[in-house]
Amino acid sequence: MASSSPPQPLPRGLPAAALLLLLLLLVLAPATDALACSSQKLTNSTLYSTCLDLPTLSASLHFSYDPANSSAAVAFVAAPPKGEDGWVAWALNPTATGMFGAQALIAFRDAGTMTVKTYNIMSTKVRESPISFETWDRSADYNAADGTMRIYAKIKVPAGDPAKLNQVWQVGSSVTNGVPAPHAMTAENLGAKGTLDLVSGTSTSGGTGRSPALAPTLVPDPVSGVSRIGEGSNGAFLVLSLAFLVSSFFGFY
């Protein structure tokens with residue numbers, strides 16, 4: 001009787017390659033999800049027909065525009081550097097492209113309650129004040145699961161072209177006696193501005209921060225203070241290091 005041939009061994013590097021692929025998927029997938037506005041669950045999410053991942057500070061903007069009465073429902077989402085002790089801001093600037101002149105909505109925890117206040121930004125020292133366009137239904141919340149604060153509001157869109165609005169957004173680490181402390185001066189913070197087109201549902205970057213095409217930088221987790229792996233050049237270095245160690249263990253190299 002003819003003897004059967006012994007089973008052929010799997011290629012030596014196959015288990016390591018499969019493990020490497022699984023490792024990369026596990027490490028990189030959470031970082032991608034954290035940046036995608038489409039995965040965010042918001043209060044009254046049916047109000048918003050469009051969402052945009054803004055080019056800096058891992059922030060996003062959800063909105064719907066009603067051209068009949070020149071109004072918009074907006075929800076701004078970002079993570080303060082130190083979680084619920086910090087603040088987030090979103091603004092339209094009817095006169096310039098930067099911070100000065102911005103008509104801002106700033107959210108933070110005040111006396112234990114999340115609140116949204118209006119600020120006409122005329123200097124580096126912000127003070128609560130009326131702004132140049134009408135707002136209503138303002139509220140805010142904090143999501144401990146991902147460390148984000150969310151601003152909700154309806155606004156009367158400023159006079160002019162709704163397809164060419166100057167927007168500014170920002171995050172800060174602390175609030176003292178109800179006053180937001182100055183934000184950091186990193187490239188991410190300084191680049192947090194651009195043009196918003198409410199008609200087509202698009203935005204462009206107007207700053208010096210990273211563009212959407214570049215990999216996000218390694219940033220501290222706003223709740224635990226632990227850096228999120230898989231983001232930026234440091235994350236890539238960690239992934240490659242893990243890949244090398246696993247491959248060496250299985251004899252792939």
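Residues are numbered from 1 along each chain as its sequence is written, and side-chain values use heavy atoms, with hydrogens and water left out. Because the model is predicted, local features were required to have pLDDT of at least 70 and side-chain atom pairs were counted only at pLDDT 80 or more, whereas totals for chains, interfaces and linings use all residues.

Helices (H or I, at least four residues) and strands (E, at least two) are DSSP runs numbered from the N terminus. An open sheet of five strands is arranged in the order 1-2-3-8-7 with antiparallel pairing, where two strands pair if DSSP finds at least two bridges between them. Strand 1 and strand 7 form the edges, each pairing on one side only. Within the sheet, strand 3 and strand 8 run antiparallel and are joined by eight bridges, and A72 is placed opposite I155 of strand 8.

Beyond its neighbours within four places in sequence, L61 is in contact (heavy atoms within 4.5 Å) with residues including C51, F76, W90 and L196.

One disulfide (a pair of cysteine sulfur atoms within 2.5 Å) is counted, formed by C37 and C51 with their sulfur atoms 2.1 Å apart. C37 lies in the loop between helix 1 (14-35) and strand 1 (50-53) and C51 in strand 1, so the pair ties together parts that are 14 residues apart in sequence. The torsion about the S-S bond is about 70°, and the disulfide is therefore right-handed. With a relative accessible area of 5%, C37 is buried, whereas C51, at 26%, is partly exposed; buried denotes under 20% relative accessible area, exposed over 50% and partly exposed in between (1.4 Å probe, protein chains only).

N189, located in helix 2 (residues 187-190), is likewise buried, with a relative accessible area of 7%. Its side chain is joined to that of Q170 by a polar contact of 2.6 Å, a term denoting a pair of N or O atoms within 3.5 Å of which, within protein, one must be able to donate a hydrogen and the other to accept it, residues adjacent in sequence counting only if both atoms are side-chain atoms. Sequence neighbours within four places aside, N189 is in contact with L57, Q170, V171, H183 and A184.
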